[in-house]
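Here are my notes for your read-through. Please keep the structure open beside them.

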Amino acid sequence: MQENIRNIAIIAHVDHGKTTLVDAMLKQSGVFRENEVVNERVMDSNDLERERGITILAKNLSVQFEDIKINIVDTPGHADFGGEVERILTMVDSVLLLVDAVDGPMPQTRFVLRKSLEMGLRPILIVNKVDRPAADPLQAQSRVFDLFCDLATSEDQLDFPTLFTNARQGTAVRDMSEEPRDLRPLFETIRDNIQPPAGDASAPFQMLIAHIDYNDYLGRIATGKVANGSVAVGDNVALIKGDGRVAKGKVSRLLAHEGLRQVEVNAATCGDIVTIAGLENVEIGETVTDPSHPHALPYRVVDEPTLALNVMVSTSPFAGREGKYVTSRNIRERLHRELRNNLSLRVEDTSSPDTFRVSGRGELHLGILLENMRREGFEMAVSKPEVIFKEVDGVRMEPMECLVIDVPVEHQGAVMASVGPRRVELLSMNSINNEVRLEFSIPARGLIGLRGELLTETRGTAVLNHVFDGYQPYKGDILGRRTGALVSMENGFVTAYALEMLQERGKLFVEPGTEVYAGMVVGENAKDTDLDVNPVRLKKLTNMRSSSSDFSVKLTPPTILTLEQAMEYIGDDELVEITPNSIRLRKRVLNKNFRTKKTAVV
């Protein structure tokens, strides 16, 4: 046991200030020079993380408080990245549970807290954003205690310390009556309430791999916490694979964290979180151990995926124009490379060599993967997401979600009308200021397309959060999209003249000057049937003088769908075409006549 080490993870709901708190801890622990320019949310190093303001990938760092080294892992706050959370919890001895003083515990809070309590970890509660106008820190603390009563696996877990923080100002207090100064109360609470990492330094070396990365100079590197014994550079080790096979390896480099930087060390002992280089084909969940005593450590099984879609080679008329990687070999290699680090992902071959079945924890989980691929230069098409059913004792089971919707009171009726046909069960209804919080149990199928519909019905005021809530018997059929599509029947460039007439038919997805092809979806039909249209139509020239009104074409701005919105929107007979520069909607069958014949046969 190392008395001067504390290993912790920070868990929180999206946008509750977790990464901002990490920034403040880094600054007050002396990681940065006084004159050093530091970006906000330094832990969100991924471009997508900075753009969306969420943590996607778990990351390690350390801070020094007096003679105590605190290893911190910043974990994702969204349940779709629960695989990241679950594997990281194997490296820590406690968690900082951070909740917003206004929102209190949210669905993702419940998800990650349940995982940590099941592993026997004792959290420290941090009520953040106490400076918000509507903040009620004591009420938030009370609601978290109720949550602990539901989830705790032992009475000891109900006895947890609480701190009240303003992460942006870098202050923490143990009681709201205290004068806030800095984060020293938080550092002291970590030192006094978290046990040093357990383990026997004299036992044979054992380390469970929790993270895999690639370094241009060192090759494949593996990170984990030393559970027992010690390891040094140059040591011969054994790698126990998932199927029980034992491979030999040698430690060529050891890296540890000092602040945000990785530094080389000569040796590490039980309790240290380190990165090992020199192991070939190492995977997450495998054990690195003493070759003379090769014993594997138990590894927690990650929850199975709940949503799947098909990723395929693009057959669009525009295929190959914008993408750098367009072949099935390119796509297959990239998807299988993702499996090395993404525990919650599954990739399967299908009967078609150009199509791959990809399963994940949710639309955001799959959407982030596809967004990363398009930014890397990949071009592909994807189908509508489908939930993954299970058969248990002859009963068809489907994944359920706990859905929480915060919406102004005046839009409550619109929310109930939208979710009603989706086989929901209302669990609770609470008023918070001028808003109402509605909590539902809903089939995962019912979430597809719901966000866009609610944002339209509530004028963008609804806030949705959901988390996986187990499997239940099949709830019955759910109607899909209730509107048809406006489908281009010509190739060419969209004209304002054509759109002026088409906008009366429904909602448009394109603007003048956009190049389209036959079979591409250019808008939403107000009726429930598809309508073939000509968005490239030109005004005929005549020798008749026209009034100036002919030149003042008034168009409603088009609806530009994001990748996740496009995935939610498409129907069973449609695909999303993804390229580095464009996101297009299209029909599976582009030819109008063939499409009509296929529909007639069905």
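1. How does E66 count by its relative accessibility: buried, partly exposed or exposed? The model is a predicted one. In it, E66 has 46% relative accessibility, so E66 counts as partly exposed.

2. E66 has a charged partner. It forms a salt bridge with R191, with the closest N and O atoms 2.9 Å apart. E66 sits in the loop between β2 (59–65) and β3 (68–74), while R191 belongs to helix α6 (residues 184–193), so the pair ties together parts 125 residues apart in sequence. R191 is partly exposed too, at a relative accessible area of 23%.

3. A search of the whole structure gives 27 salt bridges. The side chains of R584 and E577 form one, at 2.8 Å from N to O. Both R584 and E577 are buried. Elsewhere, salt bridges with shared partners link E66, R174, R184, E188, R191 and D192 into one network.

4. Next, helix α8 (residues 363–375). Its 13 residues should span 18 Å at 1.5 Å a residue, and the end C-alpha atoms are 18 Å apart, so the two agree. Of the 13 residues, 11 are buried, so α8 is largely enclosed by the rest of the structure. Among the buried residues are H365, E371 and R374. After α8 comes G377, with a positive phi near 105°.

5. E371 counts as buried at 7% relative accessibility, whereas R375 is partly exposed at 42% relative accessible area.

6. Now the sheet. It is open, with 8 antiparallel strands in the order β12-β11-β17-β8-β9-β16-β13-β14. Strands β12 (246–250) and β14 (261–264) stand at the edges with a single partner each, so one side of each has no neighbour in the sheet. Neighbouring strands are turned by 40° against each other on average, direction ignored.

7. L239 stands opposite A247 in β12.

8. Last, the surface. M416, L426 and M429 make a nonpolar patch there, with about 240 Å² of accessible area together. M416 lies in helix α9 (residues 412–419). Its relative accessibility is 31%, so M416 counts as partly exposed.

Methods: Residues numbered from 1 in each chain as written. Predicted model: local features only at pLDDT ≥ 70, side-chain atom pairs only at ≥ 80, totals over all residues. Heavy atoms only, no water. Patch = residues over 30% accessible without salt bridge, like charges linked within 9 Å, V, L, I, M, F, W, Y side chains within 5 Å. Areas by Shrake-Rupley, 256 points an atom, 1.4 Å probe, with all protein chains shown as cover. Salt bridge = Lys/Arg side-chain N within 4 Å of Asp/Glu carboxyl O. Helix = DSSP H or I, 4+ residues; strand = E, 2+ residues; numbered from the N terminus. Buried < 20%, exposed > 50% of the residue type's maximum accessible area, 1.4 Å probe, protein only. Pairing = 2+ DSSP bridges. Axes fitted to C-alpha atoms, helices over the stretch in contact; angles between N-to-C directions. Expected span 1.5 Å × (residues − 1).
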